[in-house]
Amino acid sequence: MGTHRRPRQRAKGGGRARTAATITLAGAATATGLGGTAVQAAPQPTAAQVRAKVDKLYQEAEVATEKYNGAKEKADAAEQRLEDLRDEAARKEDRLNSAREALGSVAAAQYRSGGLDPALQLALSSDPDRYLDGAAFAERAGSRQRAEVGRVRKELRDIEQLRGAARIELTSLKSRRAELKRHRETVTGKLAEARRLLSRLTAEERAGVGTGTGQRASRASASGPREGLSASAQAPNSRAAAAVAYAYQKLGSPYVWGATGPNAFDCSGLTQAAYRAAGVSLPRTTYAQIDAGRRVSRSELLPGDLVFFYSGISHVGIYVGNGRMIHAPNPSAPVRVAPVDEMPFAGATRVV
């Protein structure tokens, strides 16, 4: 019987598999070839773009700085209230201890006397008249003792109330400190990013950062003592004149966020220090300082007026006349004279 061999069959899909593999390899090669153009590095930003980004970061950092300043002001106040409560509680505890000692002395004296029945003491007394006088004194002493017990109870209640208030204040202080930490991290993060971007620029390219109209601001900074005297003379009152004079003295001082002088400032720290030197206490933050006097329009500005910028009232300067102000711009520039119109104007206040 003959052997019939079955014809050898191709593996199913073999041709298709080889074709697919070929296409895959070809596609990979094509993808590799195109990779040079498809995965190109993003174009480097221009110097102008970097400056614009840094200016924006500085503005955002200043917003966070004013929030930090406000939180710090509240934290400092909470800390002072807590300290006052603790001092008051300590004073009341001293008075409580004195009252307890007095009560203890009375109780010891009664114990030593044996607490005999008054009628029996009168019967046994060799001098009834003297005894009756003593009994009247004892009655008065009892009244004083009851009053002393009442004072002790009141001191105890007062101390407990003070301790409760102190616990509430401590909780508030912890919350304020957590808020401080958040704002501090925001500020430092923004400033670190700004420094990283600035490191890409040359010194000449960095010159225009933080001014908005850098050339005009730089020229306007060349102000001498005579100009300062002239601006002070035009101020509406002696306090404003003293604040303007102080601001001129601080030209060239470095910007340091959170600083209020005497050698470094942030924007609201400079205005606060200037008016402090004039004997006027201003709030710490821009959004509180704008309400520290009478609002005036831009056309009414006089030297010493506080001028505010941006919709969030996040920047402030001291107006010195001729459309200019002295302000602490940001970490890229020291305290300087600059045009009022270099930033979006938000309002002005005359400190009264």
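P262 lies in the loop between α8 (238–249) and α9 (267–277). Helices here are DSSP runs of H or I with at least four residues, strands are runs of E with at least two, and both are numbered from the N terminus.

The structure is a predicted model, in which local features need pLDDT of at least 70 and side-chain atom pairs count only at pLDDT 80 or more, while totals for chains, interfaces and linings use all residues. Residues are numbered from 1 along each chain as its sequence is written, and side-chain values use heavy atoms, with hydrogens and water left out.

Two packed helices are described by the angle between their axes and the distance between the axes. For α8 and α9 the angle is about 125 degrees and the axes are 7 Å apart; axes are lines fitted to C-alpha atoms, for helices over the stretch in contact, and angles run from 0 to 180 degrees between N-to-C directions. The pair α8 and α9 is therefore oblique, a class for the angles left over when under 35 degrees is roughly parallel, over 145 roughly antiparallel and 65 to 115 roughly perpendicular. Their crossing is right-handed, which is to say that the near helix is turned clockwise from the far one by less than a right angle.

Helix α9 is largely enclosed by the rest of the structure, because nine of its 11 residues are buried. Buried means under 20% relative accessible area, with over 50% called exposed and the range between called partly exposed (1.4 Å probe, protein chains only). The buried residues of α9 are C267, S268, G269, L270, T271, Q272, A273, A274 and Y275. Within this helix, T271 has a relative accessibility of 1%. The C-alpha atoms of T271 and H327 are 8.1 Å apart, although 56 residues separate the two in sequence. Just after α9 comes G279, with a positive phi of about 85 degrees.

Y310 is not a glycine, yet its phi is positive, at about 70 degrees. I313, in the loop between β2 and β3 as well, is another non-glycine residue with positive phi, near 50 degrees. Y310 is buried at 18% relative accessible area, and I313 is buried at 16%.

A64 belongs to helix α2 and is buried, with 5% relative accessible area. Along the chain A64 and S314 are 250 residues apart, but their C-alpha atoms are separated by 8.7 Å.

The structure also holds one cavity of 30 Å³ or more. A cavity is a set of points, on a 1 Å grid over the protein atoms alone, where a 1.4 Å probe fits but cannot get out, and its lining residues have an atom within 4 Å of a point. Grid points are joined across faces, edges and corners, and the volume is the space filled by probe spheres set on the points. The largest cavity holds about 40 Å³ of space. Its lining consists of Y58, A61, E62, T65, V187, L191, Y255, W257, P329, N330 and P331. Two elements, α2 (47–113) and α4 (128–198), each give two or more residues to this lining, and α2 gives the most, with four.

Conventions:
On a 1 Å grid over the protein atoms alone, a cavity is a set of points where a 1.4 Å probe fits but cannot get out, and a pocket is an open set with protein on both sides within 12 Å along at least five of seven lines; lining residues have an atom within 4 Å of a point.
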